[in-house]
Structure formats: C-alpha cells, structure tokens
Amino acid sequence: MIKKELGLGLLLVVISVITGMINPAFLSVVNLLNLANLIGLFGVFALGEGLVIITGGIDLSLGSMFALLGVVFVDLLTTYQVPWPLALLAVLLGGLVLGAIQGVLITRLKMQPFIVTLCGLLIYRGAARYYTTDSTRGFGYGDEAATLSNIASGHVAGIPNTFILLIVLALVLGVVLHRSVYGRWLYAVGKNEEAARFSGINTNMVIATAYIISGGLAGVATVLFVFYTNSVSPSSFGNFYELYAIAAAVLGGCSLRGGEGSILGIVLGTALLQVLQNLVNILGIPNSLNFAVMGTVILIGVLADQQLQARRKRKLALAGLARTAPKSTLPHGVDALPVRTGDQG
C-alpha cells in the first residue's frame, strides 16, 4: 500500500508543478489557502466513504444527506432559535441515525448497499424539498451562530480550520484503521466477508459501524458546508458530492472490491481531485465539464486498480506454482531411472 501512496504523492507534486508553470497564480498564497479549505471540506466526508468502500460497500446518499441535514440545521437556528450547540448536536446525531438505518438495512435485511444508499439518495433529497416546499433556507442578516460560524469558516495562523479538522480526523481514523483490531476487521470483511464471519468476526457490527461513522462525518461536513455557502437550496445543496468522495477514495487506493485502502491515500486522493478541479478552472475549461473530468478520473482509477489486481494475482499464481513444483526423489547422483526392468537388477 505504501507504494500506491508514494506514487499518488509524486503525481500530486508533478501536477501541482505543471499547473504552477502554466499559471503562477496557482502557487499564490490566496489560491493555496482556498485549495486547503476545499480539501478540508471534501476530505471530511471522503474519509467516511473510504471506510465504507473498504468493507466492500458504497454510500450514494451523502449529497442528499447534506441537503436534509442542512435545511434542518438552518431551520433550528433561524426559525426555532435553538442554541447552536444543541443544533450542532442534533445534526451530528441525525447523521449517525441515518447511517445506522442504512447499516441495519444492509446487515440485518441483507439488502445490497447500492440499492439501500440509492434509495437514501432519493428519499433524503425528496424529504428536504418537501420540508422546505422547495425553497432556499439561509441565515439572513442575523448572528444566530456567530461563534460556530467563526469556528467552521475561520483559520489558525492562516491555515483554514476545515483543513486542520481534516488532519485531526485523519490521524484519529488512521490509528483506528491501521493500529486497532477494528481496522483489521474492516479489511478482513472487505476481503472476504464469509471467511471473516467463520473466523469469529461480527461482520454485521463491523459493516454497520462503518456506515454509522460515514453518517456522523456527513453531519460534520454538513455544518462546514452550510457556513461555507451561508444558504441551503434543497434541490442542489450537496448535489453529486458523493461522487467526489468515491473519486477521492478510488484515487487514494481504495478498491471498489473492498479490503484495500488507507487514510493517507484518501487524503491524498482528495487533494489530487481538488488540484485537478483547480487546473480545469485555470485552463479555462467550462465548469460544465467538471463532472466529465471527475468521471474520467474515476474511470482511470478503476482501470488502474484492475491492472494492479491482475498483476498481483499473476505474481501470486507464479509463486504458488514455484512452491508446489514436484521435486526429484532420486538418490543424489542418479540422473534417470533405468530404461529396462532387467537393468534394475
């Protein structure tokens, strides 16, 4: 896995250098800080998506979850005048609950993750539009959550708080994934769920908690995006954001087959995706082609993963043949069996 991360980091540096040569404005402090802010915003929920993909699942409902939780969050602050700590807690719990519901449907009712999260995508978006009668929610000119807004959109020593939060979450989840028993269970379930179950792992618990963590991080990202945009349009807020998370995870080395991936790879994948988006803007490519670029990136990532998987299987097959090759049982110095039976005497 370390080879993938080194290669991805080298690719990120090369693309950044080329982009800076094309337009020196890319390396300006303002652009780099804005890029760091975007990496933090998208990286938070990409980490949760990555954990789900490592288990062999997928979550297509993240963008719609942002819309539903976003309109509820704004309404709690503006309409019902709920103190911001309680509103924040409600959104985080809402994300955890939605993730838990999806996890239960997948593990207990044995439904396919694709179907469950696709239905979530439709249900959450529809519920958000119905709740607001398809109207935009915003903060107006009040200071309902000035403290939380300063935390979410502020910076420390010039570094955006969103980027700092991403680094903290990456460190925590890195320890969980790479230095804990639960992390080994995640990889085992992603590699072979049935074998993991027979080895004594509670696979239902492992898969469900992955979706719960993803939902909780979606709640955190919802709050960050609400203060980034200062308004929530239920029909477009968070639209297709799940594709950004999937692309970042795939670029970062997470196999859609499950059982592979790393936290550092997901962060690097998120950074590479945002650099590519920035490159598209610098080259003057129309914004309408952003999704085409993202689709191309996902396609290239999946193709590269397939090639690596095939190469690894060939190496394992050759190694297995070398270990199981029959060895001669003749005494030392005897080159061949006698040709005739009489020669044996």
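Analyst: Phe 42, Phe 45, Phe 66, Phe 225, Tyr 241 and Tyr 244 make up one aromatic cluster. This is a predicted model, where local features need pLDDT of at least 70 and side-chain atom pairs count only at pLDDT 80 or more, while totals for chains, interfaces and linings use all residues. Residues are numbered from 1 along each chain as its sequence is written, and side-chain values use heavy atoms, with hydrogens and water left out.

Okay, on to the pairs: searching the whole structure turns up 13 of them. Rings of Phe, Tyr and Trp (its six-membered ring) pair if their centres lie within 6.5 Å; planes under 30 degrees apart are stacked, over 60 edge-to-face, and the rest tilted.

Take Phe 42 and Phe 225, which are edge-to-face, with 5.3 Å centre to centre and 80° between the planes. Phe 42 belongs to helix H2 (residues 29-54) and Phe 225 to helix H10 (residues 203-229), so this pair ties together parts 183 residues apart in sequence. Helices here are DSSP runs (H or I, at least four residues), numbered from the N terminus.

Phe 225 also pairs with Phe 45, this time tilted, at 6.1 Å centre to centre and 55° between the planes. That pair again links distant parts of the chain, with Phe 45 in helix H2 and Phe 225 in helix H10, 180 residues apart.

Technical notes. Helix = DSSP H or I, 4+ residues; strand = E, 2+ residues; numbered from the N terminus.
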